[in-house]
Amino acid sequence: MTTAIPIKLEGDIKITPENKCTYCRGATCCTYYTHHIDTPRSMEDFDLLLWQISHQNTQMYKDEDGWYLLINNPCRHLQPGGRCGIYETRPQICREHSNDGCEFEGPSGEEDFELFFRDYDSLLAHCRKKFKHWDRRFMGAGPPKARVPQAQA
Ligand code: SF4
Ligand code: SF4
């Protein structure tokens with residue numbers, strides 16, 4: 001989603017919804033997927049998100065539809081040149097995908113989202129700003145105390 005796609009049109013070609021994908025060499029729509037997540041509210045929620053975004057190729061954003069994980073891993077069926085290796089049996093979600101306003105016009109940028117976290121550090125900075133005591137969230141709890149046996153009367 002955040003990857004630039006190398007589109008080069010030669011001559012005076014009119015791009016229409018019908019021919020658009022034919023001229024798209026990057027097929028950026030097949031290089032990532034998103035996963036809707038519950039809106040994080042507590043420090044525990046954000047702590048979990050920090051774990052998730054610590055994984056390679058994982059980013060996060062919030063838009064008008066809510067919060068999403070963005071996993072930047074190309075589909076294993078994507079062929080060189082942007083073709084689908086299982087076109088005839090591709091999943092329904094691929095069949096329903098519209099190329100209206102897709103990445104052909106250009107890669108998505110941070111300005112396209114209400115919030116965008118490209119990595120662990122950017123999410124951590126957000127947590128520190130949102131929660132005054134973020135860096136002290138683990139202090140005080142400590143390991144559970146061992147129970148002291150009561151003296152028998
Ligand atoms: S939907 Fe857009 S990004 Fe995907 S292959 Fe077609 S033109 Fe390219
Ligand atoms: S199955 Fe085909 S159309 Fe669907 S994401 Fe993979 S390469 Fe793209």
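## A loop residue and the overall layout

Arg76 is found in the loop that runs between S3 and helix H2 (92-96). The model described here is predicted. With a relative accessibility of 75%, Arg76 counts as exposed, because the cut-off for that class is over 50%. Thr31 lies 45 residues from Arg76 along the chain, and the C-alpha atoms of the two residues are separated by 9.1 Å.

The chain as a whole contains three helices and four strands. Following the sequence, these elements come in the pattern β-α-β-β-α-β-α. The chain has 153 residues, and buried residues make up 28% of them.

## Two further positions in the fold

Gly66 belongs to strand S3. The relative accessible area of Gly66 is 13%, so this residue is buried, the limit being under 20%. Gly66 and His36 are 30 residues apart in sequence, while their C-alpha atoms are 7.4 Å apart in space.

Asn57 is placed in the loop between helix H1 (43-53) and strand S2 (58-63). Although Asn57 is not a glycine, its phi is positive, at about 60 degrees. Asn57 has a relative accessible area of 42% and is partly exposed.

## Aromatic pairs and the cluster

Seven aromatic pairs are present in the structure. One of them is formed by Trp67 and Phe117, with 6.0 Å from centre to centre and 15 degrees between the planes. This pair is stacked, because planes under 30 degrees apart fall into that class. Trp67 is part of strand S3 (residues 66-71) and Phe117 is part of strand S4 (residues 115-117), so their pairing ties together parts of the chain that are 50 residues apart in sequence. Trp67 and Phe117 are both buried.

Trp67 and Phe117 also belong to one aromatic cluster, which they form with Phe46, Phe131 and Trp134.

## Charges over rings

Trp134, a member of the aromatic cluster, has the charged end of Arg137 over its ring, 3.8 Å from the ring centre.

Ligand 1 sits in the largest pocket. The residues around ligand 1 include four cysteines, namely Cys21, Cys24, Cys29 and Cys102. Lys20, Ala27, Thr28, His97, Asn99, Glu103 and Phe104 are also around ligand 1.

Sorted by class, the shell of ligand 1 has six nonpolar residues, three polar residues and two charged residues. Lys20 and Glu103 are the charged residues, while Thr28, His97 and Asn99 count as polar.

## Surroundings of ligand 2

Which residues surround ligand 2? Cys30, Cys75, His77, Leu78, Cys84, Ile86, Pro91 and Cys94 do. The space that ligand 2 takes up is the largest pocket, and ligand 1 likewise sits in the largest pocket.

The shell around ligand 2 holds seven nonpolar residues, one polar residue and no charged residues. His77 is the polar residue in this shell. The shell around ligand 1, by contrast, has two charged residues.

Terms used: Residues numbered from 1 in each chain as written. Chains lettered and ligands numbered in written order. Predicted model: local features only at pLDDT ≥ 70, side-chain atom pairs only at ≥ 80, totals over all residues. Heavy atoms only, no water. Phe/Tyr/Trp six-rings, centres within 6.5 Å; stacked < 30°, edge-to-face > 60°. Helix = DSSP H or I, 4+ residues; strand = E, 2+ residues; numbered from the N terminus. Buried < 20%, exposed > 50% of the residue type's maximum accessible area, 1.4 Å probe, protein only. Lys NZ or Arg CZ within 6 Å of the ring centre and 35° of its normal. Near = heavy atom within 4 Å. 1 Å grid on protein atoms, 1.4 Å probe; cavity = no way out; pocket = protein on both sides within 12 Å on 5 of 7 lines; lining within 4 Å. Sits in = over half its atoms within 2 Å of the grid points.
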